[in-house]
Amino acid sequence: MNASLQQIDIRSHLKDPSLFREDAFINGKWVKAKAGTTFSVNNPATGDIIANVANLNGADAELAITVAEQALIGWRSKTAKDRAIVMRKWFDLIIANTEDLAILMTLEQGKPLVESRGEVAYGASFVEWFAEESKRVTGAILESTWGDKRMLVLKQAIGVCVAITPWNFPIAMITRKIAPAIAAGCTMVIKPAEQTPLCALALAELAQRAGMPAGVVNIIPSDADQSIAIGKVVCASPTIRHLSFTGSTEVGRILMAQCAPSVKKVALELGGHAPFIVFEDADIDAAVAGAIASKYRNSGQTCVCANRFYVHQKVQAIFVEKFAKATQAIKVGNGMTEGVSQGPLIDDAAFAKVEKHVADAISKGATLVTGGKANASGLNFYEPTILSNVTSDMLITYEETFGPVAPIIPFDNDEAVVKLANNSQYGLASYFYSRDIGRVWKVAEALEYGMVGVNTGIMSNEVAPFGGVKQSGLGREGSIWGMDEYLEMKYVCVGL
Ligand code: NAP
């Protein structure tokens, strides 16, 4: 441990201190790493060490895969209704413990408490939704082309699955994967991000209280070095039938390649670089509200954050003026303080990337409208920032910033702006503001993105399909289609 860092006991913040877990969760038991090692988890707002969590390795991952395989037999043979009853109890427990889960999240991830509470509700909604959806899995009876044969399609659980998740949504990125998997009858091994294992472990504690059988949900925390080793083990394992990953495009490519030899099914929720277009007929106040929500939520550390603002020349001045005023009203500080609406960035590397993007833009001629520097609240806090006169040679227009910086690029015609918006390797979220119904249809259809927000800066919920095109990934999460990832179709042909 770095001697300058304080070790804080965060149990005192919780109504139910038993939600704070530092061991891994395998086969319904709290276990240490086989090697006996731990890694520290820091509060990004203060640098304090808040936990020393079991640091699992490849051998631990093998064990988790084995118990998940053993648990599969019992879990998939339950009726969907019985699985739904356990999931519904789990949902109720997550909601009942919202405040403690939100506190754990703010302490390990940094986002303001109000956002953490929102994420608990959002994360829980996938458990509720897929508990309901589990009862609606339907196969088919096909019209046979043979008089003496009957043709059916069954939908069955794919088997043992693995999930690897990022730090920016420590609960929702996990429930968006576990919920459809276990609803379908699969079992799962989950490796949370190094920075945010505590929420994942608290979810496991609540799953156990809900009556989840041992081995159905297994959480294997690790540090970044062991993640690489665990990644190799799970990708190579013939027992694992499906890998679901949320994280950077770079790591997604590695995992996809590692899954190729075993021809494993993969679902990838990767990086984004969302355009946000303000047309000349937009409701400017609504566009400003949407820009604030989509840009600065989670300090700009979401895959669906607006990363490029294209604003029509005719409304640029008024939009920038109002956007700057709203940006300056954002209260930056420790997320545990009520009233704070922007917390720190996750770590030094995230802070350095934001500084680099701003410096690069300014060196190439961008104008700093507001922000552009560290905030005095402590480690890794960055001022909400707006840059104008941004041009497409600046890093910020094509690399994911993952920070609270809004670059403004003027435009003057629809075709040109759609072309600019689509000029990205990414294709996750996009946004635009217009009141012209013809333009709304044309632009929504022309944007090469998995999700389009029209006159809104927030669009994700459990009912809608979440996911991207191009190098933003493969597959969709949530919605009536989210369980398809975890179900195989089996064709049965019956001779009479
Ligand atoms: P990351 O560096 O790709 O890490 C994501 C997860 O992968 C972490 O659990 C990490 O473990 C693990 N990992 C890293 N290298 C690995 C390897 N070689 N083998 C196995 N596991 C490995 O991404 P991040 O920084 O946590 O998250 C930010 C990124 O996620 C952004 O690009 C963002 O756009 C994307 N994201 C996408 C969505 C979406 O739905 N499309 C949602 C949220 C975030 P360690 O933490 O232990 O290194």
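Guide: By the rule applied here, the count comes to 2 cavities of 30 Å³ or more. This is a predicted model, in which local features need pLDDT of at least 70 and side-chain atom pairs count only at pLDDT 80 or more, while totals for chains, interfaces and linings use all residues. Residues are numbered from 1 along each chain as its sequence is written, and side-chain values use heavy atoms, with hydrogens and water left out.

Visitor: What makes a space a cavity, and what makes a space a pocket?

Guide: On a 1 Å grid over the protein atoms alone, a cavity is a set of points where a 1.4 Å probe fits but cannot get out, whereas a pocket is an open set with protein on both sides within 12 Å along at least five of seven lines; lining residues have an atom within 4 Å of a point. A volume is the space filled by probe spheres set on the points, which are joined across faces, edges and corners. The largest cavity has a volume of about 40 Å³, and the second largest cavity holds about 30 Å³.

Visitor: Which residues line the largest cavity?

Guide: Among them are G272, K295, C303, E400 and F402. By class, this lining has 3 nonpolar, 5 polar and 2 charged residues. Here Ala, Val, Leu, Ile, Met, Phe, Trp, Tyr, Cys and Pro count as nonpolar, Asp, Glu, Lys and Arg as charged, and the others, Gly among them, as polar.

Visitor: What is the make-up of the lining of the second largest cavity?

Guide: That lining has 8 nonpolar, 2 polar and no charged residues. Helix α6 (residues 197-209) gives the most to the lining, with 3 residues; helices (H or I, at least four residues) and strands (E, at least two) are DSSP runs, numbered from the N terminus.

Visitor: Where is the ligand?

Guide: The space taken by the ligand is the largest pocket. A molecule sits in a pocket if more than half of its atoms lie within 2 Å of the grid points of that pocket. The largest pocket has a volume of about 1200 Å³. Of the 45 residues that line the largest pocket, W167, G247, S248, E250 and V251 are the closest to its centre. Helix α8 supplies the largest share of this lining, 6 residues.

Visitor: Which residues come nearest to the ligand?

Guide: A residue is near a molecule if one of its heavy atoms lies within 4 Å of it. Of the 33 residues around the ligand, T165, S227, S248, L270 and E400 come nearest. The shell divides into 16 nonpolar, 11 polar and 6 charged residues.
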